[in-house]
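Hi everyone, thanks for coming.

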Amino acid sequence: MSFCFSPDVRSMITKSSSSAIPDTNNFILKVSDSSGKPLYEGLYSSVPDPMTLDPGSYTVRAVSNAFSKPDFSIPQFGDEQLVVIKAGERTDVSLNCVRMNAGIRLKIAPSFIENCPQAVLFLKNAAGKLMYSYRETRFAYFAPGNVSLMMSEDGVDKVLDTRAMAAGDMLTLNVSASAKTVSGKGISIGVDTTGNWMTDNYEIGGSGSGGSSGGETMGVNDARNAVGKTGVWVMGYIVGGDMSSSKVKFSGPFTSQTHLAIAGRASCSDRDMCMSVQLNKGELRDRLNLASNPSNLGRKVYVKGDIVASYYGIPGIQNITEFRLE
């Protein structure tokens, strides 16, 4: 059984916001048998590829982090699939990761601060609560379920609003208060729908604009099956070089400056999961080749070019016009 993210690129979060994109190499992968016994649990970048398993059914789960209690600025992305392994067959598992938790942000109006100077606001669910200061601007993340906005004043806690949050929901609440506010009465809670989103379909997988000039970006696993496409962006991790028609060298030192190999994850050592990349003379070769830049091994790279059926015996990318190294 082999694993990949489909594809290994990012979709836009929303047109009105930005966020750090999780590195799939750092995802936590768990493979369990039909009884629930874990057979592997660790970093995606360290999983054996391929993983040899007996025929049967297995649960594969990948998450970007071990989110368990409310916290700020910790979105969690993941996917879980039931996979059936048949005797003598290779099974590829394509993980399509979406947001698994939900976020709430408060916009606290000056009227609330003026009329409730001693009040403290909290966001709370069954797993815990977070104090939301008047200067806080971040999203607070919670597991799906009911999340309550609470106010504590003079030692008394009062629930102001409760929302049922589903996985992927991103909600901004406006909080204001009138001059006649007493014991929570007179406080207004409204949903801000301008420039924020209620449902976030941020997927680790799906098309994105990873290249410097935008456009659709494919991961290596999709690009290998897109022979004939021209002028497209492909994202992968630099995993080797010094190629021949039958092998890829996955560890240095390297001698060739004319090409390299990329894959869907940095730890790949399977030639059949790679793509070859032609490095034409110039900045492209100077910046990317492993002979002169051994520290590039394992780094993420975006290249824009033509996908060919065979270059050094495997699908490749040639005629590269743009690139970006991360």
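This is a predicted model: local features need pLDDT of at least 70, side-chain atom pairs count only at pLDDT 80 or more; totals for chains, interfaces and linings use all residues.

Residues are numbered from 1 along each chain as its sequence is written, and side-chain values use heavy atoms, leaving out hydrogens and water.

Let's start with D79, in strand β6, residues 77–85 (strands are DSSP runs of E, at least two residues, numbered from the N terminus). D79 is buried but has no salt bridge, and R61, the nearest side chain of opposite charge, is 8.8 Å away. Buried means under 20% relative accessible area, exposed over 50%, and partly exposed in between, with a 1.4 Å probe and protein chains only. A salt bridge needs a side-chain nitrogen of Lys or Arg within 4 Å of a carboxyl oxygen of Asp or Glu. What does the D79 side chain reach at 3.1 Å? The backbone nitrogen of N96.

Next, K300 in strand β22, residues 300–311. K300 is also buried without a salt bridge, with E326 4.0 Å away as the nearest side chain of opposite charge.

E326 does pair with R324, at 2.3 Å from N to O. Elsewhere, K304 and E322 form a salt bridge at 3.6 Å. That pair links distant parts of the chain, strands β22 and β23, 18 residues apart. By this rule, the count is nine salt bridges.

How values were computed: Helices (H or I, at least four residues) and strands (E, at least two) are DSSP runs, numbered from the N terminus. Lys and Arg count as positive and Asp and Glu as negative; His and the chain ends are not counted. A polar contact is a pair of N or O atoms within 3.5 Å; within protein, one must be able to donate a hydrogen and the other to accept it, and residues adjacent in sequence count only if both atoms are side-chain atoms.
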